[in-house]
Every structure is written in structure tokens, then in C-alpha cells.
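Please look over the model below before reading the comments.

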Amino acid sequence: HIVFILADDQGFRDVGYHGSEIRTPTLDKLAAEGVKLENYYVQPMCTPSRSQFITGKYQIHTGLQHSIIRPTQPNCLPLDNVTLPQKLKEVGYSTHMVGKWHLGFYRRECMPTQRGFDTFFGSLLGSGDYYTHFKCDSPGICGYDLYENDNAAWDHDNGIYSTQMYTQKVQQILASHNPRKPIFLYIAYQAVHSPLQAPGKYFEHYRSINNINRRRYAAMLACLDEAINNVTLALKKYGYYDNSIIIYSSDNGGQPMAGGSNWPLRGSKGTYWEGGIRAVGFVHSPLLKNKGSVCKELVHITDWFPTLITLAEGQIDEDIQLDGYDIWETISEGRRSPRVDILHNIDPIYTKAKNGSWAAGYGIWNTAIQSAIRVNHWKLLTGNPGYSDWVPPQAFSNVGPNRWHNERVSWSAGKTVWLFNITADPYERVDLSARYPDVVKQLLRRLSQFNKTAVPVRYPPKDPRSNPKLNGGVWGPWFKEDEKKKKSDKSKGANKQKKNKNKKKANRKKGQSLHCRS
């Protein structure tokens with residue numbers, strides 16, 4: 001039985017065993033009895049991490065390398081990608097998803113139930129109200145976002161806090177399934193992503209935290225920790241636990257403005273500094289050989305796809321070009337990781353760094369482009385890597401977020417290349433790019449090699465038909481099949497017109513002047 005729990009926006013420091021003031025007794029116990037992943041990487045935002053988990057591929061190979069999928073965008077995880085639940089179904093797994101999808105829904109074929117899950121209960125968007133399950137993307141563009149399979153779950157609109165509601169759903173699934181048949185449960189909690197909301201009783205231990213955002217965040221995390229205890233108890237109660245693997249992961253770094261802490265790492269969610277991509281993660285299972293150990297080998301979120309399919313005795317087609325590795329022996333037995341590098345990302349449409357150039361990249365790479373790569377101990381960043389302060393715990397001491405406590409960066413604004421030895425300097429305090437130009441060149445070449453395999457970015461403009469008002473007040477698929485047929489008919493017509501236009505152009509070239517059209 002495979003249980004994958006994905007927390008949302010949990011900071012690197014925000015777990016008891018990383019020294020947090022927030023108590024997480026369940027996470028601490030499960031991690032202490034399992035294997036802590038202390039060199040574990042994810043992506044800096046929601047959609048990218050989720051897409052890489054479910055496909056085993058880097059963003060550059062799915063077209064999702066820029067930002068996240070917005071509610072109004074006609075975009076989703078491309079349909080030609082085989083997903084983890086689809087592969088597990090092939091070997092007899094029952095597959096269930098509870099929680100946040102955030103991999104697109106503009107067409108019915110993009111929905112979780114069409115991508116390998118037998119059942120789905122949760123939200124399609126990236127965030128929303130924890131009690132009303134309502135989300136406004138912009139003024140007047142608002143809708144309900146809670147689904148049971150392919151339909152809006154209006155009957156669950158009971159004002160139940162989502163962390164607790166999702167846990168109840170997991171308990172129901174476990175109670176009604178036969179534990180002698182394998183189950184894959186993907187639990188993607190909404191917590192601890194903004195909006196910062198939590199039931200009153202979870203504030204009890206945190207009245208002393210002055211900063212209101214940090215206090216609310218602490219209450220949300222306390223509730224999440226209790227929820228995971230309840231999931232674990234249900235696994236034991238219904239007879240799954242002894243033959244189960246529980247994996248816990250955050251999807252990206254914490255957001256200090258929304259209460260999260262990544263101290264002592266640098267940067268935050270949405271950046272390629274360690275604070276954005278180095279995550280809390282552990283594996284807990286009676287099947288582990290080295291229980292109670294710490295894994296310092298390189299592990300990435302793409303690795304779960306091949307690892308879990310191999311554990312489930314599934315087949316990985318040779319023509320699927322994966323970016324993940326089977327790391328089970330690394331985790332369970334303490335062996336060396338098969339992974340030597342991680343492409344953190346190449347985002348060709350992110351705001352270009354003003355001073356970036358091919359010259360700064362030794363003619364190998366244009367350093368205006370946002371990218372980051374890890375090879376063994378070395379990490380290279382180019383372009384505009386994002387908000388780069390270190391935010392120590394005392395930054396949360398005031399009522400409002402106070403940046404005076406942050407360690408500000410004094411480097412010249414003109415920089416577009418950074419090199420760090422992450423093993424020796426995990427907090428990215430000593431830039432070595434000037435000292436080791438040969439290492440910089442080597443990593444730039446590796447970036448360039450990766451870039452040759454990239455597919456075009458999918459980031460379409462918003463579609464006004466996505467407005468929930470046109471869909472019964474619900475966020476949901478709006479791109480209908482019959483429209484596509486009409487479109488294909490239109491495009492056939494358009495092709496004819498194009499041919500005619502081309503003829504006209506050819507005639508014009510013979511000597512007619514072209515008129516400018518506004």
C-alpha cells in the first residue's frame with residue numbers, strides 16, 4: 001500500500017526535528033522511526049512539483065516550466081504524459097486522490113479521474129477558502145472549488161475545515177477498501193498554503209507568537225500534524241499499516257510573508273535558492289531495512305515515479321524518457337544515490353536579468369535566462385533567481401512582517417551567475433563563481449545539453465469562458481468537445497483561406513505594393 005502525503009508551502013524549518021518552535025509530534029515520530037531525507041529537492045511552486053511527482057519528468061519535458069497553471073488558463077498537464085496512478089492501476093492498484101490537484105482542468109480529459117485516479121475528492125485550483133471552498137481569481141471571477149470525482153460537491157459545503165474534511169475522506173476510503181488489495185492514496189493537503197485559516201483550538205499553544213501570520217500558520221501546521229496522526233491510526237485500524245509505505249513531502253519552500261520559515265536556508269517559495277526547493281521529506285514504513293536513519297544522498301521529487309512503480313512491480317516503458325531514478329535501495333538500505341545531478345529548471349519566459357548576456361556565460365549560455373542546476377556538490381544559478389534574503393526566526397517577532405531583521409544581500413545588482421558548493425555551504429553564503437570559472441563552464445554546458453531536450457513552454461493567455469458564472473458558479477472544465485469540432489471545421493476553412501491568401505501574396509510579390517494595416 002502506497003500513501004503519498006504532500007503538504008503545501010511548508011517551510012524547511014517548519015517541522016519539530018528541524019528546530020521549529022511549532023510542535024509537530026506526529027511528523028517527528030514518523031520521521032524518527034523511518035528515514036529522514038536531508039538532501040531532498042522539490043520545485044519552488046505548486047504545479048511544477050505536482051507535475052514532476054506524477055510524471056517523473058522535469059518541467060522542461062512537459063512544457064510546464066513557467067509559473068503555475070492559473071484558474072483561467074486553458075492549460076493542463078499534457079495528455080500524452082503517462083501518470084503514476086495509471087501505471088499503478090496496470091498492476092491492480094486501487095487509486096484514490098484526496099486534496100489539491102492544481103494540474104489543470106480546462107477540459108474534462110484533464111481531470112484527476114481521467115488521469116488515473118479511480119476517485120477524486122478535493123479542489124482543482126491552487127488555493128481557496130478552507131471552510132467555504134470558494135475562490136476568487138480576480139474581482140468578479142469567483143466560484144466554488146470542491147469536487148467529488150467529476151462533479152461539484154455541493155453537499156459537502158458544510159463549513160468543515162479542509163484539513164479535517166480531507167482526513168475524514170481518507171478514513172472512509174480506508175474503511176471501505178479491502179486491505180488485501182493494494183491501494184495508492186495520494187493525499188495533497190491544502191495546508192499550510194494561504195489564506196491563513198485554522199480552527200480556534202489549535203491556537204492554544206501559540207498565543208505567545210506576536211506575529212499574526214506566524215501564529216495562524218503554527219495553528220494550521222498543528223492541525224495538519226494531528227491529521228497525519230489520524231491517517232496513520234486509520235492505516236493501523238483497518239489493516240494496511242504493516243504492508244504500507246508512507247511518504248511525506250512538502251511541495252516547495254515556505255513563504256515568510258505568509259508565516260513560513262526556511263531558516264537557515266536562503267530565499268523562499270518561488271525562488272531557486274535552497275529555501276525555495278529544499279524540502280521537508282521522509283519515508284516511514286515497516287518495510288524499510290534501515291529504520292531510524294538519515295539519508296543525505298541526493299533525492300528529487302521526480303524519483304518517486306520510478307521508485308514506486310518498481311516497488312509495486314509495475315513496468316516502466318522504455319520509450320518513456322524519465323528524469324527520475326529508482327531510489328528505494330538508497331532510502332531503505334543506505335546505498336549511494338544513482339542521481340548525480342538535478343535540473344532545478346530552465347524558464348525561458350521568466351523576466352530576463354538586465355545584465356545577463358552570452359558573454360557572461362562564456363558563449364555557452366545566455367545568463368539573462370532564469371535557470372538553476374545541481375551537479376554533485378555544485379549548484380549554479382543564472383538570470384534572476386528571485387527574492388534572496390535569509391529570514392531568521394526573529395524576523396517574525398513583530399506584529400507585522402519586519403524586513404529589518406532579514407539579512408540583506410549586499411552583492412552588486414549586476415550579477416547573473418552564482419556558484420555554490422552546497423555540501424560545504426548549504427546556506428549559499430559564499431559565491432564561488434569567480435574562483436572556479438572552469439566549474440561554471442562545465443555546469444553551463446550541462447544546462448545547455450538539458451536545454452536541447454526542452455519542449456516549448458505551455459502558458460496560454462486566459463480564456464474568458466473559464467468564468468465560473470458561465471458554469472453554474474463552479475470552477476470546472478469549460479472547453480467542450482463540440483467546440484473543438486467546430487474549430488476543426490473552421491480551421492479546415494481557414495486552411496483553404498490560407499491557401500488563397502498565399503496565392504494572393506505570390507501575386508503581390510510580382511510587383512504590387514503592400515498596404516500597411518493597423
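The points below take the sheet, then the salt bridges, then a helix.

1. This is a predicted model, in which local features need pLDDT of at least 70, side-chain atom pairs count only at pLDDT 80 or more, and totals for chains, interfaces and linings use all residues. Residues are numbered from 1 along each chain as its sequence is written, and side-chain values use heavy atoms, leaving out hydrogens and water.

2. Ten strands form an open sheet of mixed pairing, in the order 9-8-5-4-10-1-11-12-2-13. Strands (E, at least two residues) and helices (H or I, at least four) are DSSP runs numbered from the N terminus; two strands pair if DSSP finds at least two bridges between them. Strand 9 (151-152) and strand 13 (293-295) are the edges, each pairing on one side only.

3. The structure holds 24 salt bridges, each a side-chain nitrogen of Lys or Arg within 4 Å of a carboxyl oxygen of Asp or Glu. In the pair D8 and K100, the closest N and O atoms are 2.6 Å apart. D8 lies in the loop between strand 1 and helix 1 (25-33) and K100 in strand 4, so the pair ties together parts 92 residues apart in sequence. Both D8 and K100 are buried, meaning under 20% relative accessible area (1.4 Å probe, protein chains only). A network of salt bridges links D8, R50, K100 and D251.

4. E428 forms a salt bridge with K379, with 2.8 Å between the closest N and O atoms. E428 sits in the loop between strand 18 and helix 9, K379 in strand 17, 49 residues apart.

5. In helix 9 (437-452), of 16 residues, the buried residues include V439, L443 and F450.

Conventions: The expected span of a helix is 1.5 Å times one less than its number of residues. Buried means under 20% relative accessible area, exposed over 50%, partly exposed in between (1.4 Å probe, protein chains only).
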